[in-house]
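Subject: The structure we talked about, with notes

Hi there,

Here is the structure I promised to pass on.

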Amino acid sequence: MIAMTLTSVKSDSQRRLVIRNLRTAASVRHPGDLDMIRHFVFVKFKDSLSQADVAEMIERFAKMAEEMDEVAAFEYGPNNSSEGLTKGLEHCFNLSFATIADRDAYLPHPKHEAFKEIFVPTIADVMVFDYEVTE
C-alpha cells in the first residue's frame, strides 16, 4: 500500500493527520463491518506545474481530508513502481471511509466540492477507484 509515513511528511498538518490516523486505525473498522470503503484517486499533474505547486495541492488535499469527519483515514504517496504500468499516473491519494454512507456524504460535501474547484484544473489525468473492504 502507498502510505505517507512520518519521515516523508513535510508539513505539520500532514503530520497531525498521520498521527491521528495511526491512533484511530484500530478503531475505524470493527469485526463484522463489511462496508468500509477505500477511495483511491490516482493523478497525473499537468507538466506546467512546479514541484512547489504539486506540493501545495498535496498539502491542500491532506488538509481537506483532516477537516472532514467523514474521512476515517488519509494516505498519500508518489508512484515508485519500476513495472512501468501506471499509464502515466504519478500520485496516489487514498481515503478510507468507515461506511458507504460516509463516502457518499463526502462526495457532494461543500468542502470536497470547493477543493475540486482548485484541484481539478491542476491535473492532466485522473482515475478514481473505490472498493469495499471485506474480511
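A salt bridge here is a side-chain nitrogen of Lys or Arg within 4 Å of a carboxyl oxygen of Asp or Glu. Before the examples, some background: this is a predicted model, so local features need pLDDT of at least 70 and side-chain atom pairs count only at pLDDT 80 or more, while totals for chains, interfaces and linings use all residues. Residues are numbered from 1 along each chain as its sequence is written, and side-chain values use heavy atoms, with hydrogens and water left out.

**Charged pairs**

The whole structure has 7 salt bridges. One of them joins the side chains of Glu90 and Lys44, at 3.6 Å from N to O. This pair links distant parts of the chain: Glu90 is in the loop between S2 and S3, and Lys44 is in strand S1, 46 residues away. (Helices, H or I with at least four residues, and strands, E with at least two, are DSSP runs numbered from the N terminus.) Lys44 and Glu90 also belong to a salt-bridge network with Asp47.

Another salt bridge joins Glu67 to Lys63, with the closest N and O atoms 2.8 Å apart. These two sit 4 residues apart in helix H2, so about one helical turn separates them. Glu67 is partly exposed at 38% relative accessible area, and Lys63 is partly exposed at 42%. For these labels, buried means under 20% relative accessible area, exposed over 50%, and partly exposed in between, using a 1.4 Å probe and protein chains only.

Arg103 bridges to Asp104, with 2.7 Å between the closest N and O atoms. Here Arg103 is buried at 16%, whereas Asp104 is partly exposed at 40%.

**Aromatic rings**

There are 12 aromatic pairs in the whole structure. Rings of Phe, Tyr and Trp (its six-membered ring) pair if their centres lie within 6.5 Å; planes under 30 degrees apart count as stacked, over 60 as edge-to-face and the rest as tilted. Phe61 and Phe74 have ring centres 5.6 Å apart and planes at 35°, so this pair is tilted. Phe61 belongs to helix H2 and Phe74 to strand S2, 13 residues apart, and both are buried. Tyr76 and Phe93 form a tilted pair too, at 5.0 Å centre to centre with 40° between the planes. Tyr76 is in strand S2 and Phe93 in strand S3, so this pair ties together parts 17 residues apart in sequence.

Which residues of helix H4 (110-119) are buried? They are His112, Phe115 and Phe119. They cover an arc of only 65° around the axis, which puts them on the same side of H4; the arc is that of the directions from the helix axis to the C-beta atoms. The face turned away from that buried side carries the exposed residues Pro110 and Glu117.

Phe97, in strand S3, is buried at 0% relative accessibility.

**One for the backbone**

Lys87 has a positive phi of about 55° although it is not a glycine. Most residues other than glycine have a negative phi. Lys87 lies in the loop between strand S2 and S3, and it is exposed at 77%.

Best wishes
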